[in-house]
Every structure is written in C-alpha cells, then in structure tokens.
Amino acid sequence: MFTGLVEELGIVKHSKKTGHTISLSIQADRIMEDIKIGDSIAVNGACLTVTSFNKGWFTVDVMPNTFYDTTLQHLKNGQSVNLERAMLANGRFGGHFVSGHIDCTGTILSTENIENSTLVEIRIPEDMVHLTMDKGSITIDGTSLTIFKTTANSIFVSLIPHTSIVSVIGHKRKGDLVNIEFDLLAKYFHSLMARSKEPLIKTESKLSASFLKENGFF
C-alpha cells in the first residue's frame, strides 16, 4: 500500500527486455536508506518487488501483465521515474490509499501554465470515466492528485510548482503516456453496485413440514 506522495526521482540505469518482461536497474538515494530484498517499491505508480540492490541502485522485474498494462515498457536508460516505498503504519498519511496496481494508461492532451499552477488534461478510456469525479482522487504515475474537472473522455489535474519539480508528470508534454490508478473506494463502490444488479439464482427450497418433523424440529 502506498500514499501517492513521491519520495524521490530515480534514474533508469539499465533496462533489459526479454520478450514481454523487463529487468530494471534504478539509481536512487533516499529510498536506499532501509531497502531490503522483497520490498515493494512503486515505480511510476506500479508496485514492483526489489530483487537485488547495491550502493545507490536497486533492481526490479516487470512481469508480462505489468508490461502490457503500464508505460514501463517504454522506459529508456537515463529516464527519470517516480519512486515511493510502501507506507509505514506509524507514519502520516498525506495522500490517499494507493495500491500500486495500474488500471490503464492515459495520454496527455494538453498542458497550460496558469499563474502558479500547471493545468494538465489527460485522456482516459471512456469506459473508465465513471470512476472519476470532480475533486476526487486519482494517481498519475504514482503521484496522488485531485481531479479538477472531468469530461466525456478526459480529466484535468492541476499541479502546484512543488509537484511539477519533484514528479515526472511536471516534465511530460502533449502526447506523452502516463500510468493511471483510479481511487480504490470508487472501484469498490462500482464493483459492489454492479454485482448488486446481477440476477439472483433461485433455488428450490428443500424445507418442508415433513423434513422438519423427521429431523426433530417438532
């Protein structure tokens, strides 16, 4: 579980593709303080497992499902990535609940500087727009953001200067892809509502007066 508060920008030092899997070696500083093999690290929002590490770098493997569903397949050596360690139970919770499971990718349609903020429009699949709402939470490349406005096939988020500096979305431009994770509560709500509308399977009851009498109920 993560918060969507990026701890630092890492640098991809080595990317090795084998079929539809990737081994990534990432240079980092802050998150190396207490790193262990098996730790969960969110890389551009995707929860990955540390398989090895040394001074100043760690390695993670990207499996086929993550390869297909995220932008990690497009990473190049020297590229920056958002990094966040799994949240501590005794720490402050400043973002929102983030699982690190990417739902889809989106495309940046536009960026516009307005006074001290940057307004970013991102196209998302139309069949997932129902998981968004004005002032709702969303995770873009692992960064917890608030939705400023929604349309039939896009969302707008507003970046403060700090977010633009410390996360990769501040450096992306029109046409770039981003990883998207929708709010967990929204996903649970819509899943429960969808299931509540499914027709119940009717079964014939085996209870009868003779059955109850035979089993000592009267």
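Ala, Val, Leu, Ile, Met, Phe, Trp, Tyr, Cys and Pro count as nonpolar, Asp, Glu, Lys and Arg as charged, and the others, Gly among them, as polar. The structure is a predicted model, in which local features need pLDDT of at least 70 and side-chain atom pairs count only at pLDDT 80 or more, while totals for chains, interfaces and linings use all residues. Residues are numbered from 1 along each chain as its sequence is written, and side-chain values use heavy atoms, with hydrogens and water left out.

**Exercise 1.** Describe the lining of the second largest pocket by class and by element.

*Solution.* Step 1: terms. On a 1 Å grid over the protein atoms alone, a pocket is an open set of points with protein on both sides within 12 Å along at least five of seven lines; a cavity is a set of points where a 1.4 Å probe fits but cannot get out; lining residues have an atom within 4 Å of a point. Grid points are joined across faces, edges and corners, and a volume is the space filled by probe spheres set on the points. Helices (H or I, at least four residues) and strands (E, at least two) are DSSP runs, numbered from the N terminus.

Step 1: residues. This pocket holds about 360 Å³. Its lining has 18 residues, and L5, T143, S144, L145 and T163 lie nearest the centre.

Step 2: classes. The lining comprises seven nonpolar, nine polar and two charged residues.

Step 3: elements. At least two lining residues come from each of β10 (143-150), β11 (154-159) and α2 (161-166); β10 gives the largest share, five.

**Exercise 2.** State the volume and the lining of the largest cavity.

Step 1: β3 and β6 each supply at least two of the lining residues, with the largest share, three, from β6.

**Exercise 3.** Determine whether S25 is buried or exposed, and which residues it contacts.

*Solution.* Step 1: S25 belongs to strand β2 (residues 21-27).

Step 1: S25 counts as buried because its relative accessibility is 15%. Buried means under 20% relative accessible area, exposed over 50%, and partly exposed in between (1.4 Å probe, protein chains only).

Step 2: apart from neighbours within four places in sequence, S25 contacts I11, V12, K13, H14, F58 and T59, where contact means heavy atoms within 4.5 Å.
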